[in-house]
Amino acid sequence: MTARQRLRIVPSQFVVEHLPNSTFPEDDDWIALVRAPEGLTAVREAPGWAEGERWKGIYGDSAHGLDQPGMLAALVGPLADAAIPVFVASTYHADLVLVPDHRLEEASTVLRAAGHRIAD
């Protein structure tokens, strides 16, 4: 498996939205977009009034190349083994792994047990 990663918790809360009839959002308040045949998925910072599930982000503190295999698997594998749902938005340098807000502490414990460091 991949070398241990230094991670940090992103201070914001996020929402993941499915916009089935959109090709681009009407605003620019999104963090990540994925366009697929079934519509658009948008990750946004959660506004105070938002309903539904909120997510917390775990992000790699040190960049890695696109040719370095196993970096994402090293994070989502232990989370899957612990039955913690994830939503992932990858960047050029690292991966943003979202976990349900109410499972952040558990996810942090699981990732630390897998050998990753999470900045407090």
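## Confidence in the model

The chain's mean pLDDT is 88, with 93% of the residues scoring at least 70; pLDDT is the predictor's confidence in each residue, on a scale from 0 to 100. This is a predicted model, so to speak of local features we need pLDDT of at least 70, and side-chain atom pairs count only at pLDDT 80 or more, while totals for chains, interfaces and linings use all residues. Residues are numbered from 1 along each chain as its sequence is written, and side-chain values use heavy atoms, with hydrogens and water left out.

Helices (H or I, at least four residues) and strands (E, at least two) are DSSP runs, numbered from the N terminus.

## Strand E6, covered on both faces

Take strand E6 (residues 95-100): 6 of its 6 residues are buried, so the rest of the structure largely encloses it. Buried here means under 20% relative accessible area, exposed means over 50%, and partly exposed is in between (1.4 Å probe, protein chains only).

In a regular strand, side chains alternate between the two faces of the sheet. Both faces of E6 are covered: one side has Asp95, Val97 and Val99, the other has Leu96, Leu98 and Pro100, and all are buried.

## Who pairs with E6

E6 pairs with strand E4 (residues 55-60) in the antiparallel sense, over 5 bridges; strands count as paired if DSSP finds at least two bridges between them. Strand E5 (residues 87-90) also runs antiparallel to E6, joined to it by 4 bridges. E5 and E6 make a hairpin, with 4 residues between them.

Val97 is a handy residue to look at. It is the bridge partner of Ile58, and Val97 is also the bridge partner of Val88.

## Two salt bridges

The salt-bridge count comes to 2, taking a side-chain nitrogen of Lys or Arg within 4 Å of a carboxyl oxygen of Asp or Glu. One of them joins Glu17 and Arg44, whose closest N and O atoms are 2.5 Å apart. This pair links distant parts of the chain, 27 residues apart: Glu17 sits in strand E1 (residues 6-19) and Arg44 in strand E3 (residues 39-45). Glu17 is partly exposed at 28% relative accessibility, whereas Arg44, at 11%, is buried.

Arg103 and Glu106 also meet through their side chains in a salt bridge, at 2.9 Å from N to O. Arg103 counts as buried, with a relative accessible area of 18%, while Glu106 is partly exposed at 35%.
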